[in-house]
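Hi,

Here is the structure I promised to pass on. Have a look at it first, and then read my notes below.

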Amino acid sequence: MRTLILRTAYAALSESLKPALAQSPAAVLMIGVAGRAKRVRVEARALNRASRLFPDASGRIPTTLRLDRQGPAQREAPIATRALVCLKRQGISAIPSRNAGRYLCNAGYFQALAEPCPVLFLHIPPVRAAWRRSASPARKRRDPLA
């Protein structure tokens, strides 16, 4: 198993993600923090579009709106539904999501979904949200961050 932490910069996709995907992984699990999320979101697709409204941490914005000029309008994650069921069976409060956003999460997911291996993206709530929750044992079992 290999762990890769990407910088919050569009350049990290070509510098780090692309070489990692070129190593033909057996599967890819991507995790990003969704600032306003209350539950884990299982992303079902990524769109072939970027937003020019949100610069990355280095202050750069994408030069084009399409992530891949020859690519499809979107890429689906065939394992998303099954992953959602598995998370719920484990007591994790998870919901389906059809929008990975228009930031780096979507861009990286779109790139990874082009690979022949299973790929899944989970948006998780920020850790601080777990500290505000009830400390009851039942709540802790359902809270993936507790």
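This is a predicted model: local features need pLDDT of at least 70, side-chain atom pairs count only at pLDDT 80 or more; totals for chains, interfaces and linings use all residues.

In α3, the buried residues are Leu-104, Cys-105, Asn-106, Ala-107, Gly-108, Tyr-109, Phe-110 and Ala-112. That is eight of the nine residues of α3, so the helix is largely enclosed by the rest of the structure.

**The overall layout**

Stepping back, the protein chain has five helices and six strands. Read from the N terminus, the elements go α-β-β-β-β-α-β-α-β-α-α. The chain has 146 residues, and 37% of them are buried. If you take the contacts with a separation of 6 or more, 74% are between residues 24 or more positions apart.

**The sheet**

Four strands make up an open sheet with mixed pairing, in the order β1-β6-β2-β5. At the edges are β1 and β5, each of which pairs on one side only. From one strand to the next, the twist averages 25°.

And how does α3 sit against this sheet? Helix α3 packs on it and touches β1, β2 and β6, with a direction that makes about 165° with that of β6.

**Aromatic pairs**

How many aromatic pairs does a search of the whole structure find? It finds two. The rings of Tyr-10 and Tyr-103 have centres 6.2 Å apart and planes at 80°, so this pair is edge-to-face. It links distant parts of the chain, 93 residues apart: Tyr-10 is in the segment before α1 (11-21), and Tyr-103 is in the loop between β5 (94-97) and α3 (104-112). Are these two residues buried or exposed? Tyr-10 counts as buried because its relative accessibility is 14%, whereas Tyr-103, at 27%, counts as partly exposed.

The other pair is Tyr-109 with Phe-121, and this one is tilted, at 5.4 Å centre to centre with 50° between the planes. Tyr-109 belongs to helix α3 and Phe-121 to strand β6 (residues 119-124), 12 residues apart. Both ends of this pair are buried: Tyr-109 has a relative accessible area of 0%, and Phe-121 has 3%.

**Arg-75**

Next, take a look at Arg-75, which is in strand β4. Arg-75 counts as buried, since its relative accessibility is 14% and the limit is 20%. Where does its charged end sit? The charged end of Arg-75 is over the ring of Phe-110, 4.0 Å from the ring centre. The side chain of Arg-75 also reaches the backbone oxygen of Phe-110, at 2.7 Å. So that you can pick out its surroundings, here are the contacts of Arg-75, leaving aside neighbours within four places in sequence: Ala-44, Arg-45, Ala-46, Asp-68, Phe-110, Gln-111, Leu-113 and Ala-114.

**Ala-37**

Ala-37 is buried, with a relative accessible area of 9%. Which residues does Ala-37 touch, not counting those up to four places away in sequence? Ala-37 touches Pro-125 and Pro-126. The C-alpha atoms of Ala-37 and Pro-126 are separated by 7.4 Å, although the two residues are 89 residues apart along the chain.

Best wishes

Key
Residues are numbered from 1 along each chain as its sequence is written. Side-chain values use heavy atoms; hydrogens and water are left out. Buried means under 20% relative accessible area, exposed over 50%, partly exposed in between (1.4 Å probe, protein chains only). Contact means heavy atoms within 4.5 Å. Rings of Phe, Tyr and Trp (its six-membered ring) pair if their centres lie within 6.5 Å; planes under 30 degrees apart count as stacked, over 60 as edge-to-face and the rest as tilted. Helices (H or I, at least four residues) and strands (E, at least two) are DSSP runs, numbered from the N terminus. A charge sits over a ring if NZ of Lys or CZ of Arg is within 6 Å of the ring centre and within 35 degrees of the ring normal. Two strands pair if DSSP finds at least two bridges between them. Axes are lines fitted to C-alpha atoms, for helices over the stretch in contact, and angles run from 0 to 180 degrees between N-to-C directions. A polar contact is a pair of N or O atoms within 3.5 Å; within protein, one must be able to donate a hydrogen and the other to accept it, and residues adjacent in sequence count only if both atoms are side-chain atoms.
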